[in-house]
Amino acid sequence: MPSIISIRGLNKTYASGFEALKHIDLEIERGELFALLGPNGAGKTTLIGAICGLVTPTRGSIVADGHDIIRDFRPARTKIGLVPQELATDAFETVWATVSFSRGLFGKPADPAYVEKLLRTLSLWDKKDAKVMTLSGGMKRRVMIAKALSHEPSILFLDEPTAGVDVELRRDMWEMVRGLRESGVTIILTTHYIEEAEEMADRIGVIRRGEILLVEDKATLMAKLGKKQLVLHLQSPLEQLPGALSGEPLELSADGQTLTYTFDAQSEQTGIGALLRRLNEHGIDFKSLQSSESSLEDIFVGLVREPA
Ligand SMILES: Nc1ncnc2c1ncn2[C@@H]1O[C@H](COP(=O)(O)OP(=O)(O)OP(=O)(O)O)[C@@H](O)[C@H]1O
């Protein structure tokens, strides 16, 4: 599938001399839901800002839906909708007015039928005449999304869309975002809720200290890095693993008390039965065992962990 956003050699050094983005190369595919994950200060907002024309790149190029974001700023900007982290809405306007006005800002002719469709999709239709300040936080967030979509962009950035939103509303937002994706909008999401990325993303990108660590299909990432482990607490400590077991994915703890067996989370054959038989053959007995499975969260934490 052709890319809708193409980023080449992007660098951003702030006036302070801080290098927030270091030679980023990234392709976002048309129609995908891409989750950008990274710890605080990794460069997510800077990267989104650069694509949206809010941050001037120091070097490199960005093409958004066929338009270079520097040379061709206006057409590029009309392709993009941005829902920023902070709730910033025109408190005294009605929902209808604020969304219609946003559309006008992008030079699009008024289209009441489109605005109606948008408000209905976002479950805001019955609030269309309400002043924004009278709405709940979750509703205000929907208004922000409606504003970002008012000019019919093909790319939507959601920066922490569910921060501070309760569990039920979060589920509703996920539903809504999925609906937008199905309607053909490419969505780039930043989130601190790894569960959100696990639930929704087609692909995941991890950024750390201004560098893209990896970009991977979610399922592939989970299959590649997701591991299951079985931890056996031994009856009596072992000094070392018997040579016959040295080829197994087994690790003996430093105190000789536990054995950890790692196996492929995706595989049908775990090999646990055979392992237990072999341990028995070698007279290795255990008191208890427990298993664990890595979630996207474990994978993420492992990836971005800073060296001690
Ligand atoms: N205007 C600026 N001048 C100097 N440094 C900046 C500026 N804006 C951001 N930075 C620095 O650039 C780095 C990346 O910031 P950015 O806001 O892009 O991170 P982030 O990944 O969005 O973080 P968070 O998850 O906390 O929102 C941080 O170290 C930040 O302090």
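Student: If a residue counts as near when its C-beta atom, placed from the backbone, lies within 6 Å of a molecule, which residues surround the ligand?

Tutor: Tyr 14, Ser 16, Phe 18, Ala 20, Gly 38, Asn 40, Gly 41, Ala 42, Gly 43, Lys 44, Thr 45 and Thr 46. This is a predicted model: local features need pLDDT of at least 70, side-chain atom pairs need 80 or more, and totals for chains, interfaces and linings use all residues. Numbering starts from 1 along each chain as its sequence is written.

Student: Which helix gives the largest share of that shell?

Tutor: Helix H1, residues 44-51, with 3 residues. Helices here are DSSP runs (H or I, at least four residues), numbered from the N terminus.

Student: And what's the shell like by class?

Tutor: It has 4 nonpolar, 7 polar and 1 charged residues. Ala, Val, Leu, Ile, Met, Phe, Trp, Tyr, Cys and Pro count as nonpolar; Asp, Glu, Lys and Arg as charged; the others, Gly among them, as polar.

Student: New topic. How is the protein divided?

Tutor: Into domain 1 (3-223) and domain 2 (228-304), with bounds from an automatic or database assignment. Their C-alpha centres lie 43 Å apart.

Student: Now H3 and H4. At what angle do they pack?

Tutor: About 125°, with axes 11 Å apart. H3 is residues 95-105 and H4 is 112-121. Axes are lines fitted to C-alpha atoms over the stretch in contact, and angles run from 0 to 180 degrees between N-to-C directions.

Student: So what do we call that pair?

Tutor: Oblique, therefore. Under 35 degrees is roughly parallel, over 145 roughly antiparallel, 65 to 115 roughly perpendicular, and the rest oblique.

Student: Which residues meet there?

Tutor: Val 95, Trp 96, Val 99, Ser 100 and Arg 103 in H3 meet Val 115, Leu 118 and Leu 119 in H4. Contact means C-beta atoms, placed from the backbone, within 7 Å. By class, this H3 contact with H4 has 6 nonpolar, 1 polar and 1 charged residues.

Student: How do H3 and H5 cross?

Tutor: At roughly 30°, with the axes coming within 7 Å. H3 and H5 are therefore roughly parallel. Val 95, Thr 98, Val 99 and Ser 102 of H3 touch Val 143, Ala 146 and Lys 147 of H5.

Conventions
Near = placed C-beta within 6 Å. Helix = DSSP H or I, 4+ residues; strand = E, 2+ residues; numbered from the N terminus. Contact = placed C-beta atoms within 7 Å.
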